Amino acid sequence: MSASTPGLRDMQLALEAAPFHRWLGLEVISAGEEAIRLEMPWRDEIVSNPHTQSAHGGILAALIDLTGFYALLAAGSVPVATADLRVDYHKPATPGRLTITGRIVRLGSTLSVAEASITNADGDLLSSGRGAYQMPRHSQ
């Protein structure tokens, strides 16, 4: 890890700075220039279908989005906003711990791209996606 990339504790503190992330109970399991891995405990409040006990797709999309964003942070980049997001839902997320893994696809000067996937405790792929993130404008 280079001097410009944050450590695991730094990443956890950055993640916890956002009230929504604290509410989700996210924990940084690993973080580096190659990938970031987060875990989230199940919360009954994320259920959108009480008959199947499945999570709301918006929560899964948010996990894809924020994990892509934090993958860039873990590599020492500082994105400012999400420019585009694509999410695919493969299987319902039902009660149990969720693992979200993010990887950088492309680092750019104005736009960077990262992908993320969500799996359950059995390793089943639940959702995956890709986000484009605006990078800060540098003065000339």
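Two strands are taken to pair if DSSP finds at least two bridges between them. The structure described here is a predicted model. By this criterion, strand 5 (residues 81-89) and strand 8 are joined by 8 bridges and run antiparallel. Within this pairing, Y89 has S127 of strand 8 as its bridge partner. V87 is likewise bridged to strand 8, with G129 as its partner.

Strand 8 also pairs with strand 7 (residues 111-119). These two strands are antiparallel and share 9 bridges. L111 stands opposite Q134 of strand 8. Strand 7 and strand 8 form a hairpin with 5 residues between the strands. In this hairpin, G123 adopts a positive phi near 85°. Burial was examined for strand 8 as well. Of its 10 residues, 7 are buried, so strand 8 is largely enclosed by the rest of the structure.

A further hairpin involves strand 1 and strand 2, which are joined through 4 residues. Strand 1 (residues 27-31) and strand 2 (residues 36-40) run antiparallel and are connected by 4 bridges. S30 has R37 of strand 2 as its bridge partner.

Aromatic contacts were examined next. The structure holds 3 aromatic pairs. In one of them, the ring centres of F69 and Y70 lie 5.7 Å apart, with the planes at 55°, so the pair is tilted. F69 and Y70 are both buried. The rings of F69 and Y133 have centres 6.1 Å apart and planes at 75°, so this pair is edge-to-face. The F69 and Y133 pair links distant parts of the chain, with the two residues 64 residues apart. F69 lies in helix 3 (residues 57-74), whereas Y133 lies in strand 8 (residues 125-134).

F69 has a relative accessible area of 19%. The cut-off for burial is under 20%, so F69 counts as buried. Y133 is buried too, at 0% relative accessibility.

A ring is also involved in a contact with a charge. The charged end of R43 sits over the ring of W23. It is placed 4.0 Å from the ring centre.

T101 is buried, with a relative accessible area of 19%. Leaving aside residues up to four places away in sequence, T101 touches I36, R37, T67, E115, A116 and S117. Among these contacts, R37 is also the bridge partner of S30.

Methods. Residues numbered from 1 in each chain as written. Predicted model: local features only at pLDDT ≥ 70, side-chain atom pairs only at ≥ 80, totals over all residues. Heavy atoms only, no water. Phe/Tyr/Trp six-rings, centres within 6.5 Å; stacked < 30°, edge-to-face > 60°. Buried < 20%, exposed > 50% of the residue type's maximum accessible area, 1.4 Å probe, protein only. Lys NZ or Arg CZ within 6 Å of the ring centre and 35° of its normal. Contact = heavy atoms within 4.5 Å.
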